[in-house]
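Q: Can you walk me through this one? I'm new to it.
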Amino acid sequence: MKIMVACDHGGYELKEKILPHLHDQGYEIEDIGVHSPESCDYPLYAVRVGRTVAAGEVNRGILICGSGVGMCIAANRIPGVRAVQASEPFLAKMSRRHNDSNVLCLGGRFIGPDLALEVVNVWLQEPFDGGRHQRRVDLIDSLSSNAAGSESVSLTGKLGQKAYN
């Protein structure tokens, strides 16, 4: 599995702990920075990772900033990206099983290195369940592909019924 990893200054220290772990696990890693704790603009890194994941050039992406939130918001602006900010293993697990998340966002100032490694391991090893969840992922993906308004996606249905076209 090929993984693109990026961080900003708030995630630099945690990234430096995660990279050797990923390498030891046998993953192919592309580290696009930052390569120092100097301040930078995190959206630039989130967009590059998101576009690379969405294009299928890598299997997954990991983004690390101070909270994980800014990177997650920026990455989710890219069609085809399903980024999750996970601070504990069960959330990471369910984001893979039910949402087929393809970008993991971590908060370097909010999660310790041992817990972060556990979250990363669970997230990378957990499969997507597919089935009824695939229908929901397809709906999410259609929302981003229809964002320009050229086609509308109906979300008006009764509970218990399919609520999309």
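This is a predicted model: local features need pLDDT of at least 70, side-chain atom pairs count only at pLDDT 80 or more; totals for chains, interfaces and linings use all residues.

A: Residues are numbered from 1 along each chain as its sequence is written, and side-chain values use heavy atoms, with hydrogens and water left out.

Q: What order do the five strands of the open sheet have?
A: The order is 2-1-3-5-4, with parallel pairing. Strands (E, at least two residues) and helices (H or I, at least four) are DSSP runs, numbered from the N terminus. Two strands pair if DSSP finds at least two bridges between them.

Q: Which strands stand at the edges?
A: Strand 2 (28–31) and strand 4 (83–85). Each has a single partner strand, so one side of each lacks a neighbour in the sheet.

Q: How many bridges join strand 3 to strand 5?
A: Five, between residues 60–65 and 103–107. Isoleucine 64 has leucine 106 of strand 5 as its bridge partner.

Q: And what does helix 1 touch?
A: Helix 1 (residues 12–24) packs on the sheet and touches strand 1 (2–7), strand 2, strand 3 and strand 5. Contact means heavy atoms within 4.5 Å.

Q: New topic. Is histidine 133 buried or exposed?
A: Histidine 133 is buried, at 5% relative accessible area. Buried means under 20%, exposed over 50%, partly exposed in between (1.4 Å probe, protein chains only).

Q: Where does histidine 133 lie, then?
A: In helix 6, residues 132–145.

Q: Which residues does histidine 133 touch?
A: Arg97, His98 and Phe128, not counting residues up to four places away in sequence.

Key: Axes are lines fitted to C-alpha atoms, for helices over the stretch in contact, and angles run from 0 to 180 degrees between N-to-C directions.
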